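Hi,

Here is the structure I promised to send over. Have a look at it first, and then read on for what turned up.

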Amino acid sequence: MTEQIKTIPLRPGQKLVINGAVVRMGSDGSSLELDLKTPVLTEDELLSEDEATTPATRIYFLLLVMYLDPSSYDATYLPFMDRMIELLQATTIREVRENLRIIMQCVEAGRQYEALQACRALVLFEKEVLAIAEAARAG
């Protein structure tokens with residue numbers, strides 16, 4: 001299948017609409033400005049379901065689904081809460097528990113992007129802990 005790409009020339013400050021989202025070329029001509037209500041993520045922030053193999057990444061994936069598809073919130077909320085409770089019960093690390101509290105507050109307030117950012121920090125922490133555990137097993 002051939003990838004189809006459409007090039008749209010934009011002047012600094014010029015607006016366009018993509019799938020209902022208002023996008024404006026930044027004044028410097030090298031950035032895009034988006035309405036904050038529009039779900040937008042960079043490639044580094046995306047995660048597939050197959051990649052969600054740890055407790056924190058499973059939570060992140062469910063938050064990602066809720067953020068990108070708000071209509072999936074009701075179907076995703078219970079699995080999300082199950083993963084949150086599992087991790088909360090499995091850890092006594094104060095920072096992890098505090099991060100889970102922040103994630104929950106953000107979700108309850110409808111701030112899924114902030115919840116994603118908090119969970120991203122949790123994923124990075126989890127990755128560090130797993131690397132230390134792996135090094136200890138190997139050494």
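Before the helix pairs, a word on angles: an axis here is a line fitted to C-alpha atoms, for helices over the stretch in contact, and the angle between two axes runs from 0 to 180 degrees between N-to-C directions. Keep in mind too that this is a predicted model.

**α3 and α4**

With that in hand, α3 and α4 pack at about 160 degrees, and their axes are 8 Å apart. Angles over 145 degrees count as roughly antiparallel, so α3 and α4 are roughly antiparallel to each other. Their crossing is left-handed. On the α3 side the contact is made by Val96, Asn99, Leu100, Ile102, Ile103, Cys106 and Val107, and on the α4 side by Gln112, Glu114, Ala115, Ala118, Cys119, Ala121, Leu122 and Phe125. Sorted by class, that contact has 12 nonpolar, two polar and one charged residues.

Two of the α4 residues are worth a click. Gln112 sits in helix α4 and is buried, at a relative accessible area of 11%. Apart from residues up to four places away in sequence, Gln112 touches Met66, Tyr67, Tyr73, Cys106 and Val107. Ala121, also found in helix α4, is partly exposed instead, with a relative accessible area of 39%. In sequence Ala121 and Asn99 are 22 residues apart, while their C-alpha atoms are 8.4 Å apart in space.

As for α4 as a whole, it covers residues 112-138, which is 27 residues. From first C-alpha to last it reaches 38 Å, close to the 39 Å expected at 1.5 Å a residue. Its buried residues are Gln112, Ala115, Leu116, Ala118, Cys119, Leu122, Val123 and Glu126. If you are wondering about the spacing in that list, an α-helix has 3.6 residues a turn, so residues three or four places apart point the same way. What covers the buried residues of α4 includes α1 (55-68), α2 (73-90) and α3 (94-108).

**α1 and α2**

How do α1 and α2 run relative to each other, roughly parallel or roughly antiparallel? Their axes come within 9 Å and cross at roughly 160 degrees, and α1 and α2 are therefore roughly antiparallel. The way α1 passes α2 is a left-handed crossing. From α1, the residues involved are Pro55, Arg58, Ile59, Leu62, Leu63, Val65 and Met66; they meet Tyr73, Thr76, Pro79, Phe80, Arg83, Met84 and Leu87 in α2. By class, this contact has 11 nonpolar, one polar and two charged residues.

α1 itself has 14 residues, which should span 20 Å at 1.5 Å a residue, and the 20 Å between its end C-alpha atoms agrees with that. It is mostly covered, with 10 of its 14 residues buried. Those in α1 that are buried are Ala56, Thr57, Ile59, Tyr60, Phe61, Leu62, Leu63, Leu64, Met66 and Tyr67. Among what covers them are α2, α3 and α4.

**α2 and α3**

For α2 and α3, the axes come within 11 Å and cross at roughly 165 degrees. That makes α2 roughly antiparallel to α3, and α2 passes α3 in a left-handed crossing. In α2, Tyr73, Tyr77, Phe80, Met81, Met84, Leu87 and Leu88 meet Val96, Arg97, Leu100, Ile103, Met104, Val107 and Glu108 in α3. The residues of this contact divide into 12 nonpolar, no polar and two charged.

Which residues does Met84 touch beyond its neighbours within four places in sequence? They are Ile59, Leu100, Ile103 and Met104. Met84 has its place in helix α2 and is buried, with a relative accessible area of 6%. Along the chain Met84 and Arg101 are 17 residues apart, and 9.4 Å separates their C-alpha atoms. Met84 also turns up in both contacts of α2 described here: among the residues that meet α1 and among those that meet α3.

Cheers

Terms used
Residues numbered from 1 in each chain as written. Predicted model: local features only at pLDDT ≥ 70, side-chain atom pairs only at ≥ 80, totals over all residues. Heavy atoms only, no water. Helix = DSSP H or I, 4+ residues; strand = E, 2+ residues; numbered from the N terminus. Expected span 1.5 Å × (residues − 1). Buried < 20%, exposed > 50% of the residue type's maximum accessible area, 1.4 Å probe, protein only. Contact = heavy atoms within 4.5 Å. Parallel < 35°, antiparallel > 145°, perpendicular 65-115°, else oblique. Left-handed = near helix turned anticlockwise from the far one by under 90°. Nonpolar A, V, L, I, M, F, W, Y, C, P; charged D, E, K, R; others polar.
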